[in-house]
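Colleague: I've got this one open on my screen. Walk me through it, please.

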Amino acid sequence: MAGGGGGGVSPLGPAPPMWYHRDLSRAAAEELLARAGRDGSFLVRDSESVNGAYALCVLFQKHVHTYRILPDEEGFLAVQTSQGVQPKRFKTLPELVSLYLQPSQGLVTTLLFPVDREETAVSDDRDYSDGEDEKPPLPPRSASTSTPPGPDTPTESSPAANGLSTISHEYLKGSYALDLEAVKQGACSLPHLNKTLVASCKRLNGEVDKVLSGLEILSKVFDQQSAFMVSKMIQQSVNQGGDQELENLVTKLAILKDLLSSIEKKALKALQDMSLSSPCSPPPFSMRHSKAIPVQAFEVKLDVYLAELTKIGKSQKYTLSVDVEGGRLVVMKKVKDSQEDWTTFTHDKIRQLIKSQRVQNKLGIVFEKEKDKSQRKDFIFASAKKREAFCQLLQLMKNKHSNQDEPDMISIFIGTWNMGSVPSPKSVASWVLCRGLGKTLDEMTVTIPHDLYVFGSQENSVCDREWVESLRAMLKEQTELDYKPIAVQTLWNIKIAVLVKPEHENRISHVGMSSVKTGIANTLGNKGAVGVSFMFNGTSFGFVNCHLTSGNEKIARRNQNYLDILRLLSLGDKQLSSFDISLRFTHLFWLGDLNYRLDMDIQEILNYINRKEFDPLLKVDQLNLEREKNKVFLRFAEEEISFPPTYRYERGSRDTYVWQKQKATGMRTNVPSWCDRILWKSYPETHIVCNSYGCTDDIVTSDHSPVFATFEVGVTSQFVSKKGLPKSSEQAYIEFESIEAIVKTASRTKFFIEFYSTCLEEFKKSYENDSQSSDNVNFLRVGWSNKQLTTLKPLLSEIEYLQDQHLLLTVKSLDGYESYGECVLALKSMIGSTAQQFHTYLSHRGEETGNIRGSMRVRVPSERMGTRERLYEWISVDKDETGGPKGKSTLVSRVGHEYVKPSVVRKQLGELGKVSEEGERNSKEETAARPKQEAPDGDPSICKNSYNNPAYYILEGVPNQSAAALSPELLPSPTSVNPQGAKPPPPSAVARTKPPFVASGPLHTRRPMTGHPVRAISEEGSSEDDGGTAAAGAQGVGVGTTVGSTLNRPPPDFPPPPLPKGALEMVVEAPFPKPRPIYPDLAEVRIPAASPAAPLALGDGFRRGGGGGGVGGGALDDQSCSVLQMAKTLSETEFPGQPPRAPSAPPPLRGQPMGLGLEACRTFPPRNPIPESIAEDMPEEALWGSSSSSLSVGESSVGEWLQRLGLERYEQGLLHNGWDDLEFLSDITEEDLEEAGVHDLAHKRILLESLRQQQQQQQK
């Protein structure tokens, strides 16, 4: 609650007034006032920017005006006034408000209509422990030794404290007068005060003796000079007392101070002397390495073209043996009966691993044969799991024999388990070894120790010390390593423990712990969260373990639990208090019993589980549904679930779900559900891969099964510049050309931006925005020109340091200094001599509140451009593999903004570790030339005005580029890439939907049952699990492009250029029924005229991907901004003249890739999702009229024909399958195209239509 008023009076008066809303957010306050709708409506809430302050919010002319109410030194309250104006002071809020109920008091309007808070009765939750207990479990009797007292662990006032207070009072009341009398008689001492001090320090004296005794042995070994004094003082403390006791205590404190300040230095010197004079002794057990990893052999087949079989012979079987300890890979081929032909490659001769995206068990290995010469061989493994195990072992071998002092990548195990208030069984090895159901690790790698182990538990009745020791003993048994606990945090029976490999203990710093109660009235700790944060070298990590409200119907309560934890958990850098914890860490992991249930009839659930059909259940999973609505876990990711629900099993078995229980209040139903989950959120352009996600099937003591996940995470070192601090001529700069933001607010105040980063000495602020406009009362567009934005100077100027850094931005108001939205930007994509564009979403308190875009550059001096290849960049994805896997793809991190920049990666296969000067120069030339090539009109003013075009507003689930509305994939750019669309939908998806175009970027899909846009939980459309080809394709480099799947990439360049007039005229002609608007003011919005750009031929315009926005013109932004779901005009405009869509189009299911054109943006939420692309509704001549889209007579090869269509990526596949002559292509079928790697339905249609037109031309 906010601070107290003057003179001890509560600032709220005797009782909180109804217009006072304690924890109401700024956005929620605006919604309440908008709902009230009358000028003069007002409420008071707590300030988000100043503790103990309030915010008075007033509605006037549809705009919300906010006034800060600040307490002064005496606790009086006053509305913040402009400089020089004397504020009016009040003891309580009701007194203050009563004044402003009078007219002409200086506010924008008189306070007229109070908006009261909604009094919600606290429901009596009887389902405290998932229906197991009638009342909440009591907290542990003994407080956790590892839980520091904080705001959630109140410290009781001890009797000792009261006793000391009494002693002091007694002296002042009585003995003080006796000392005064003695002084008057000439005494030089104060015996009664001395006696009082001795009594007060009695406990301190005893504690100091204990500390000195503990340090006595250390002092004798390392500091003989202090040792004599320490021993002497310990003896004196036994023998002496009385008057000498106080003097003795002061002496002991002085010795203790000297000893503590010098012991470490003296111990270090002593150990250094010992190490020089004595032979090397074996390291202590805790520092020894884990047990040696045995040589592992993989049976594979060589993948070759048919034409090469005659040269190679019949045998294609190979054995790949990985010797991690020896640093060798042996490639062995059976030649004849018992003869073998084998070649050994040392770790430094293996240049790169290249995963096939289309064939999940195929891997290319690039070997160095001679100097500057390499050879690639492609192998087919027995399964995708075997391929991943092989890659993991080779990465481990590379890391083990690397000459780098610090790791580039670590492995993290995360486990969550609701123990059901029962001690765990003797062995939970299957949990830590990731054995069981779902996505599990291969047996060859299952015993390799992870660098970090994070264990979250709920309803854990075991005391902390016993729990941690049991975990350490289990890990020691499995790995022979003595893992070190770095943090343990407990809230009642919710616990989190983090253990680290001994070798990494010194790499951990800035450890923080916190907890939040969300039980009844947020005062009980039976529900809530515990969190741990720390730095691993230069990378920040956060881990949250929670137990949310149970009960099938308590969805809103669970959502609120999550938001409370997000806001109140105090973790991470205190400087980042403006940001919620989802933006404070490079990587944030959220685990626990989230208690979200399945909304389906119990018998249907059981039938699906028996058939192991989990997809229909995941579609009704409450957590998935709430994420799709952006209610919780905004931009978090979760690996695909392929294991059965982990709750509610019969204890002692994993064969039966117990879903009914007789309670005093009646029969209670707990349907089987995925209550136990692990999600994560990472900064953009960071490396993270989820290698496993599953549950055990042999731990049966609880009604929940333990859940596990393992991650491969890129980390940065504490960078030390080899060239020292930069001189002024070598200083790197971060410069902004402009920034524009759209924020969801009815306020019309001015704004400024704060910039935070670990690469800055302190946070920086911009000046206030110099442009502001609004087409809708609920949204505001604000802009900053270059002169309003400050230039940032990083602490270090090396590119190797800067490419790992991120910049946090928060948009704050001038009236209340409150944040209206925060975001994070990666500097890696912004490095270069020319400005790069960024575009991402804004969020505040877990809600999406707008979007922000701009232009910036990170200038790095040429002498500081050297960099090196990271271990995780050693594995890439074959950019020529344009297909997708047959089965389900795994969902990997789609967090932050995911963009791809042409200048990010400049490494070619022959130069894996260095950036050559020539490559840098070429890249800069390419970057500089790009705007000229892609933008139809280079006039920057047009680009700025084009933001008024409704097609450019980012909508929920709609790509941000205008070209997307016109299906650029029908005529894609020659350099376009297809990271997510590369994977075809499964056959069932093809049967269920009309042929959709698959955008060259990850697209959101729609759920007909909820009418809300689908969150990033795609099942088939996301291909980043084994390496999206987006970056590789965008760079236009060879297979050695070191961009994998796992970089969390931001959206493409933004803004795109204006739409060609011709293109607009072609599409903007369809009658659409007017939807019911979500916001009442949408009816006022109008579409501005298209920018006066020169018309382009459709083919030409789209071959450039619609201009300045795209990566290679084809990659579309999958990021969205739900606050702009108003469609900003799209949802309210009728487009006459377009033929109506077929009403019988089946709705797409969640997770299927789906093209979304202008009609898909028409309504929000959409009442009838439209699976067809715009192209299907366009007249044929519009699609095929351009000369560039058909096979011309002059074309002489398949390659030229494909290039005309912008589909040259398919050339290799067609030639490989024998389609190398244009004359024979007329006979090709859809099945032939499928075999040649053309899985995209829209692309098949283009190819077949082009061939049909060619045949017609020849017949004429």
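**Chat about the model**

Colleague: Let's start with one residue. Which residues does Ser 855 touch?

Modeller: Leaving out residues up to four places away in sequence, Ser 855 touches Glu 735, Phe 736, Glu 737, Ser 738, Ala 835, Gln 836, Gln 837 and Phe 838. Contact here means heavy atoms within 4.5 Å. Mind that this is a predicted model, where local features need pLDDT of at least 70 and side-chain atom pairs count only at pLDDT 80 or more, while totals for chains, interfaces and linings use all residues. Residues are numbered from 1 along each chain as its sequence is written, and side-chain values use heavy atoms, with hydrogens and water left out.

Colleague: OK. Where is Ser 855 found, and is it buried or exposed?

Modeller: Ser 855 belongs to strand E36, residues 847-859. Strands (E, at least two residues) and helices (H or I, at least four) are DSSP runs numbered from the N terminus. With a relative accessible area of 11%, Ser 855 counts as buried: the cut-off is under 20%, with exposed being over 50% and partly exposed in between (1.4 Å probe, protein chains only).

Colleague: Switching topic: how far can I trust the model? What's the mean pLDDT?

Modeller: The mean for the protein chain is 73, and 64% of its residues reach 70 or more. pLDDT is the predictor's confidence in each residue, from 0 to 100.

Colleague: Where does it stay under 50?

Modeller: Residues 141-164 are one such stretch, with 21 contacts beyond four places in sequence in the model. Residues 278-288 are also below 50, and have 8 contacts beyond near neighbours in sequence. Where pLDDT is low, the predicted coordinates should not be read in detail.

Colleague: Noted. How many residues are in the largest nonpolar core?

Modeller: That core has 51 residues, and Ile 412, Ile 414, Phe 534, Phe 541, Phe 543, Phe 589 and Phe 711 have the most contacts inside it. Helix H13 (residues 602-610) gives the most to this core, 5 residues. A nonpolar core is a set of buried Ala, Val, Leu, Ile, Met, Phe, Trp, Tyr and Cys residues joined through side-chain atoms within 4.5 Å. Another core, apart from that one, has 36 residues, including Ala 741 and Leu 807.

Colleague: And what is Phe 589 in contact with?

Modeller: Beyond four places in sequence, its contacts include Ile 412, Ile 414, Phe 541, Trp 680 and Phe 711.

Colleague: Now the sheet. What's the strand order?

Modeller: It's an open sheet of 8 strands, E10-E9-E8-E7-E13-E12-E11-E37, with mixed pairing. Two strands pair if DSSP finds at least two bridges between them. E10 (340-346) and E37 are the edge strands, each pairing on one side only.

Colleague: What does E11 pair with, then?

Modeller: E11 runs antiparallel to E12 (residues 362-370), with 5 bridges, and parallel to E37 (residues 875-877), with 3 bridges. Ile 354 stands opposite Gly 364 in E12, while Lys 355 has Val 877 in E37 as its bridge partner. A hairpin of 6 residues links E11 to E12. In E11 (residues 350-355), 6 of the 6 residues are buried, so that strand is largely enclosed by the rest of the structure.

Colleague: Which strands does helix H9 lie across?

Modeller: Helix H9 (residues 384-400) lies across E7, E8, E9, E11, E12 and E37, at about 155° to E11. Axes are lines fitted to C-alpha atoms, for helices over the stretch in contact, and angles run from 0 to 180 degrees between N-to-C directions.
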